[in-house]
Each structure stands twice: as structure tokens, then as C-alpha cells.
Amino acid sequence: ETTCIRKQLLKMSIFTKIIQGEIPSTKLHDDDQCIAIKDINPVAPVHFLVIPKNPITGISAAKEEDKELLGHLLLVARQVASELNLSNGYRLVINDGKDGGQEVMHLHIHVIGDKKMSWPPG
């Protein structure tokens with residue numbers, strides 16, 4: 001039932017359409033669990049998204065059964081960052097919900113780099 005609800009919520013997600021090939025993107029990584037694509041509105045010289053193919057609306061909706069996928073997303077973020085030579089570091093961001101600034105209700109990790117970051121963010 002949970003999977004059915006998740007799929008219904010994400011039917012119209014722009015990320016679902018990208019994953020299905022209905023909307024073009026610049027893919028940096030593609031495997032059976034996720035994709036990594038360049039962000040179309042970058043906030044730094046390097047800005048890409050890691051998006052699970054398994055539909056999860058946000059990190060607050062993740063379940064115990066998603067823990068391996070969540071770990072995989074982080075490892076893919078590290079791998080692509082390495083391939084893009086972000087050796088001086090980078091920032092990972094997961095926005096969750098309205099107050100967290102989430103605009104697309106499909107879990108995704110922003111990887112932002114090749115720019116000196118400040119703290120606190122936004």
C-alpha cells in the first residue's frame with residue numbers, strides 16, 4: 001500500500017518524467033537505483049542532483065526499508081563529485097517539506113561545489 005501511495009504522489013513529478021526519459025536532462029550517472037543530473041538552475045559552478053528511481057516524496061517520508069537506497073544516494077553523490085574533481089570539498093543539501101525549501105516532492109540530494117561555501121546557509 002505504501003508503494004502504491006508513493007507512486008500516485010509522484011506520477012506528475014518532473015523527476016519521474018526525467019527518469020522515464022520524457023524530459024531531457026544532462027545525466028552524470030545512471031544505475032538501477034538512481035540518476036545524477038546537472039541542475040538546470042545552478043547556484044555554483046558545479047551543481048547536480050542525485051535522484052532515486054524508487055519514489056520517495058522526501059526524507060521525512062523515508063522508511064526503514066529505504067536505508068540501503070539512502071546510503072547508495074550518498075555514495076553516488078561522492079562518486080560523481082570525485083569524477084567532477086571537487087577535491088576541495090562540496091556541500092550536500094536535502095530540502096524537506098515546504099518550510100525546508102523543497103520545491104519538487106521527490107527526494108533528491110543537491111551536490112554543490114567548486115565554490116567557497118559560508119555558514120550558516122540561507
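Glutamate 64 is exposed, with a relative accessible area of 59%. Here exposed means over 50% relative accessible area, buried means under 20%, and partly exposed lies in between (1.4 Å probe, protein chains only). Glutamate 64 forms a salt bridge with lysine 67, with the closest N and O atoms 3.1 Å apart. A salt bridge is a side-chain nitrogen of Lys or Arg within 4 Å of a carboxyl oxygen of Asp or Glu.

This is a predicted model: local features need pLDDT of at least 70, side-chain atom pairs count only at pLDDT 80 or more, and totals for chains, interfaces and linings use all residues. Residues are numbered from 1 along each chain as its sequence is written, and side-chain values use heavy atoms, leaving out hydrogens and water.

**Salt bridges**

- The whole structure holds 3 salt bridges.
- Lysine 67, the partner of glutamate 64, counts as exposed at 55% relative accessibility.
- Salt bridges that share partners join Lys27, Asp30 and Lys53 into one network.
- In one of these bridges, aspartate 30 meets lysine 27 at 3.3 Å, N to O.
- Aspartate 30 also meets lysine 53, at 2.7 Å, N to O.
- The pair of aspartate 30 and lysine 53 links distant parts of the chain, 23 residues apart. Aspartate 30 sits in strand E1 (residues 27-30), and lysine 53 in the loop between E3 and H3.
- Aspartate 30 is partly exposed at 43% relative accessibility. Lysine 27 is partly exposed at 40%, and lysine 53 is partly exposed at 29%.

**Strand pairing**

- Helices (H or I, at least four residues) and strands (E, at least two) are DSSP runs, numbered from the N terminus.
- Two strands pair if DSSP finds at least two bridges between them.
- E1 and E2 run antiparallel and are joined by 3 bridges. They form a hairpin with 3 residues between them.
- Lysine 27 stands opposite isoleucine 37 in E2.
- E2 also pairs with E3, in the antiparallel sense, over 5 bridges. Isoleucine 35 has isoleucine 51 in E3 as its bridge partner.
- E2 is largely enclosed by the rest of the structure, because 4 of its 5 residues are buried.

**Nonpolar cores**

- A nonpolar core is a set of buried Ala, Val, Leu, Ile, Met, Phe, Trp, Tyr and Cys residues joined through side-chain atoms within 4.5 Å.
- The largest such core has 16 residues. Phe48, Val50, Leu73 and Val111 have the most contacts inside it.
- Strand E2 (34-38), strand E3 (46-52), helix H3 (67-83) and strand E5 (109-113) each give two or more residues to this core.
- H3 supplies the largest share, 6 residues.
- A second, separate core has 6 residues, including Phe15, Ile18, Leu49 and Ile51.
- Contact means heavy atoms within 4.5 Å. Leaving aside neighbours within four places in sequence, leucine 73 is in contact with Cys34, Val50, Ile51, Pro52, Leu107 and Ile109.

**The loop between H3 and E4**

- Leucine 84 lies in the loop between H3 and strand E4 (90-93). It is partly exposed, with a relative accessible area of 34%.
- Beyond its neighbours within four places in sequence, leucine 84 is in contact with Leu28, Val46 and Phe48.
- The C-alpha atoms of leucine 84 and lysine 67 are separated by 26 Å, and the two residues are 17 residues apart along the chain.
- Asparagine 85 is placed in the loop between H3 and E4 as well. It has a positive phi of about 60 degrees although it is not a glycine.
- Asparagine 85 counts as exposed at 64% relative accessibility.

**Surface patch**

- Leu74, Tyr90 and Leu92 make a nonpolar surface patch of about 260 Å².
- Patches are made of residues with over 30% relative accessible area and no salt bridge; like charges are joined within 9 Å, and nonpolar side chains (Val, Leu, Ile, Met, Phe, Trp, Tyr) within 5 Å.
- Accessible areas come from the Shrake-Rupley method with a 1.4 Å probe; for residues, only the protein chains shown count as cover.
- Leucine 92 is found in strand E4 and counts as partly exposed at 40% relative accessibility.

- Aspartate 114 is found in the segment after E5. Its phi is near 65 degrees, a positive value in a residue other than glycine.
- Aspartate 114 counts as exposed at 52% relative accessibility.
- Proline 120 is also placed in the segment after E5. The peptide bond from tryptophan 119 to proline 120 is cis, with omega near 0 degrees.
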